[in-house]
Amino acid sequence: MTLIGWIQIALFCAVVLALVKPLGLYMTRVFTGERTILSPVLRPVERGLYRLAGIDEGQEQHWLAYAGAMVVFHVAGFLVLYGILRLQAVLPLNPADQAAVAPDLAFNTSTSFVTNTNWQSYGGESTLSYLSQMLGLTHQNFLSAASGMAAAVALVRGFSRASTRTLGSFWVDMTRAALYVLLPLCMVLTLFYVWQGMPQTLGAYVDATTLEGGKQTIALGPVASQVAIKMLGTNGGGFFNANAAHPFENPTALANFVQMVTIFAIGAAFTNVFGRMVGDERQGWAILAAMAVLFLAGVVVTYWAEAAGTPLLHALGLQGGNLEGKEVRFGIVASALFAVITTAASCGAVNAMHDSFTALGGMIPLVNMQLGEIIVGGVGAGLYGMLIFVVVAIFVAGLMVGRTPEYLGKKIEAKEVKMAMLGILCLPLMMLGFTALAAVLPAGLAGPANAGPHGFSEILYAYTSAAANNGSAFAGLSANTLFYNTTLAVAMLVGRFFVKIPALAIAGSLAAKKTVPASAGTFPTHGGLFVGLLVGVIVIIGGLTFFPALALGPIVEHLAGLAGQTFATGG
Amino acid sequence: MAHASQKSLLNAALIGPALLGAVTKLDPRQMVKNPVMFVVEVVAAFTTLLFVRDLVTGGQDLAFTGQIILWLWFTVLFANVAEAVAEGRGKAQADSLRRTRTETTAKLLTGAAAAPGGPRDAHRVVPGTDLKVGDVVLVEAGDLIPSDGEVIEGVASVNEAAITGESAPVIRESGGDRSAVTGGTQVLSDWIRVRITAAAGSTFVDRMIALVEGAARQKTPNEVALNILLSGLTIVFVFAVGSIPSFAAYAGGAIPMTVLVALFVTLIPTTIGALLSAIGIAGMDRLVRFNVLAMSGRAVEAAGDVDTLLLDKTGTITLGNRQATEFRPVRGVTAQDLADAAQLASLADETPEGRSIVVLAKESYGIRARDMAGLNATFVPFTAQSRMSGVDLDGSSIRKGAVEAVIASLEAAPALVSVGATARVLQPRLDGAAAQEIRAIAEEIAKAGGTPLAVARDGKLLGIVSLKDIVKGGIRERFAELRRMGIRTVMITGDNPMTAAAIAAEAGVDDFLAQATPEDKLALIRKEQAQGKLVAMCGDGTNDAPALAQADVGVAMNTGTVAAREAGNMVDLDSDPTKLIEIVEIGKQLLMTRGALTTFSIANDVAKYFAIIPAMFLAFYPQLQTLNVMGLASPQSAILSAIIFNALIIVALIPLALKGVRYRAVGAAALLRRNLLVYGLGGILVPFAGIKLIDLAVIALHLA
């Protein structure tokens, strides 16, 4: 660990924090329908879109209608994407002559992009046409992110409104999220990335003659535009198979830094949107503080573990940190930081191979996802996931002040607890359930490249990443099989919609309630006590469930490594 | 019953039936109401079956497996013991109540005899159980009142010790706010005509028995929500533990079923699951011991949530009646003169105000009581028309009364006063300056929260006696405490706003409602509720009934009318309105106890993971020994110690569940910090020590 490393981490945190307020203010204005700096340009476009789609802007929806609209919208998006992937061979913009995507892979990939997971069982440059990338994937990158933001806004309205049946309009929230937030920012970012050296072309792949005289095909494409939304929308699906480790997808240190910042930007600012909309910005800061505590703990452990390196190599006289699977141009700190950010935020883009991290260094990304992607989390999804934990934390601890629990003046009762538990339950079911299945079925055991606990971690990581809608891979797992494509797709669907729909149900139930004014008897939810409580509940309820699995994966691997043992055979 | 039954928490006489009750509660149909413990029972039964199979076919580690199973059953039994002990305390009270419900006979009046004023001797003796709602019965001295009813004629002193534990008799009379009588209580003197208002089996005593026995117990909304949370956690642990065999198979090992079950049972929130219903029953029981009957658990819970407390001024904030505090003469009259006249006018006045004037005159001016007969005085009683009372003696007349009433009487009827033997002159009309002066004094007194009482002798104003509401000692501190709890207090009074404001300031309430009518009260409650607040109030009169029904917590006084008792969701047997404050505290205590034990239960899991996970996987991953931070002796002793701790902690916490976590009015943040420290951090640390100690004992006893 070096001073310059810590400075990089501190700089990253400072820039993200600095963005929270301005971006939060802007997004609040967007979602409350107030005038923004971009309104003169975008408002006519927005109105035109509504007219085109026959949407009445003023018509608000009950939570069921809101959730229904969202589901219908995603089913349609899924069908379009599936169609494009299956038909890409006969569709235009296919200079590399890619064949049709196989049914199970197309199912997996469509699900993956619709659920904002962007798990990639395929190699982008060797599987997909430009049309599939741009019209299929990039378009879902925008819409799945916008849908997450819409759900978060709806949940926030549940807290901020009182005695009403409606949560706003899904169509309006979606449109505004994409049009006012994602699109303008992506335009700026795309230009920035092009300046940094990312390709942005519809031209064919380039053949180059190497110094040895061999021929090499260099894959190109509209990279910069996809990278912009991939990070900003916490999608993570890379244009190239190597994702952000590829020099074209991550050309410079500055591009790397900006990518890391944009992963967190909207998610972190959403806590401020929350605070502003409920009328007390401190509430948002408290949520962000809880996220920050968990994030920094992860960064410290991962950075320490990677910088410390592997005892087995030390024993052989190879001192220094663990550089296996890392781009030397990013080094240990930027790789470790990137890994924690991308898994904390449900992004899933990688600039290093998590599979090659040390046991503990690789465990942190795993834990980040197992907690449910609530450390900043996916755009919107992070906030609603976190608020589900808030409901549980408030319910347990709120009783201890001698009142039936309430948060922001809303009583937390049976219905909210039921929905929150449903949202919390589905993650261990998907993550542990499918891992348990894959760990004994031959089809599952065929996947991992390594034996012993590390192979187990590879399986666990895949299902964890899918259910948490992260999409990063531990590598090492051959996941493009019928078994993995199908089960991972199911995990992605459940992990997305069985959290999102309960979150909307909570929103609907809360919006219908009265807001109880705060008194000396209600405990303040903007202080350190609340932050500590929230972190404790997340770790104990969200994290401890995975302790047995972690013990059999990274923990035992780490302990064995300390003792100089490996698991080279068997498995 | 209540005062007599302040028993210790775990009375020896209660333990025996409780143990028996614990076994009968193993019936799955009863257990299913408690999802967490039901799950434990199911896995205990399942592993018992496996154990029996292994006994027959011969298996390994039978002694160890047997012990685990034994402790699984103990876990279930301990939970049942907790509930049975809590119920047992209520049962003892129910039994003493039931004794009052012995067969009574009733003197049924029919036809003309049933109407007030009808003949009393034309009654027919019928069994009390035959009475129907609307029947009219005669109850005479010595008779037990056969059922709940309303006095429609007569006045009687009634011994209500059977339900209130208070041996001093109370007066019950027709009309007014003291017309309700309760079945099972005894008329000591006189007779009353009673219209029956409750059918056999649904009388007040019947309801009380059902309540204290817990038969009428339904899960409260918060309990339902908590049960959902606990069930959810249980399912999470089904996934966490259910996936282990497959993980172990991947690693090349196998985990015995008993060990998996042990891990599962220690992880699921058994502590709170076991104690949840005991906490609820104990909360109701605590109210009963305070002589308050809650008609539902929901009401107790709502009490903890109360934001606004409506309190009647008289009897709650102030002592029942106004008392004289000062004599204020007009110019030209000495205070001694005024006191003398006021005392004479009050000698025969038996109202508390009147008596307080006599007392003040004696204490301040040494004017002793005089014999009315000896003075040849005639008392002029207060009437609603004159709004004055007084005395006529030796041709002189003294009047005291409301200031305006006295002034008006002097203006309207200038008195003929005899001067000497023959001359009779007309007394001049009221001196305007004196009236002005007296009004100024009156206003000054009213502003300070007092009630002015003008005194005039022979048509001449002497001055004013200031009567004041005496705010109860210590009430100010109580309100300050309530404010720290986050509860707003509103004083309800019929006084004018000026007086009300002064008393409100003196008592330290947050707000007041002056010149309140029942409609005003109801409107105020609705207004508060519209803001999302929960409102508590108490009342006794029939005109309080709508407000009592509207309030979230409506405490009816036992002395009140039938209508009031029906409308409230609690009845205070002592008829002490200040008890609202204790009721709120009991509600809060109930919720806090639930939260504290839930937190403790969940926090316990950390240590249990560290005890069982290394033990479980040690056979194939010996490296995991590092996680055995407690240094438990062997895998078997570790697992056994964890499950023993898990069972014993239930027993250890029964007293806390029954007694409740103490509520302190220190503000929510401080309270939460303290409880999180004790039950959260304590919940993480205690099991580390506990499991280690049990492990030492297990090894010493060679159990594993």
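**View 1. Salt bridges across the whole structure, with one pair inside chain A.** A search of the whole structure finds 46 salt bridges over all chains, where a salt bridge is a side-chain nitrogen of Lys or Arg within 4 Å of a carboxyl oxygen of Asp or Glu. The model is predicted, so local features need pLDDT of at least 70 and side-chain atom pairs count only at pLDDT 80 or more, while totals for chains, interfaces and linings use all residues. Side-chain values use heavy atoms, leaving out hydrogens and water, residues are numbered from 1 along each chain as its sequence is written, and chains are lettered from A and ligands numbered from 1 in the order in which they are written. In chain A, the side chains of K326(A) and E306(A) meet in a salt bridge, with 2.5 Å from N to O. Because K326(A) lies in the loop between α11 (311-315) and α12 (331-344) of chain A, and E306(A) lies in helix α10 (residues 281-308) of chain A, the pair ties together parts that are 20 residues apart in sequence. Helices (H or I, at least four residues) and strands (E, at least two) are DSSP runs, numbered from the N terminus.

**View 2. The side of chain B that touches chain A.** Here 66 residues of chain B are in contact with 61 residues of chain A, contact meaning heavy atoms within 4.5 Å. The two chains, B and A, bury about 5100 Å² between them, with 78% of it on carbon and sulfur atoms; buried area is the accessible area (1.4 Å probe) that two parts lose on being put together, summed over both. Between chain B and chain A the count is 2 salt bridges, and D307(B) and R403(A) meet through their side chains in a salt bridge of 2.9 Å, N to O. Between these chains there are also 13 residue pairs in polar contact, both residues at pLDDT 80 or more; a polar contact is a pair of N or O atoms within 3.5 Å, and within protein one must be able to donate a hydrogen and the other to accept it, while residues adjacent in sequence count only if both atoms are side-chain atoms. Among the helices of chain B that each supply at least two residues of this side are α7 (221-242), α21 (579-603) and α24 (668-700), and α7(B) gives the most, with 12 residues.

**View 3. An open sheet in chain B.** This open sheet of 7 strands has the order β9-β23-β22-β21-β10-β19-β20 (chain B), with mixed pairing, and two strands pair if DSSP finds at least two bridges between them. Its edge strands are β9 (292-294) and β20 (511-513) of chain B, each of which pairs on one side only. Strand β10 (residues 308-312) and strand β19 (residues 488-492) of chain B pair in the parallel sense over 5 bridges, and in β19(B) the bridge partner of L310(B) is V490(B).

**View 4. Domain 2 and domain 3 of chain B.** The domain assignment, automatic or from a database, gives domain 2 as 105-145 + 148-197 and domain 3 as 308-317 + 472-573 in chain B. Their C-alpha centres lie 31 Å apart, and 14 residues of domain 2 are in contact with 10 residues of domain 3. The area buried between these two domains of chain B is about 840 Å², of which carbon and sulfur atoms give 51%. In domain 2 of chain B, I163(B), D177(B) and A180(B) lose the most area to domain 3, together 47% of what that side buries.
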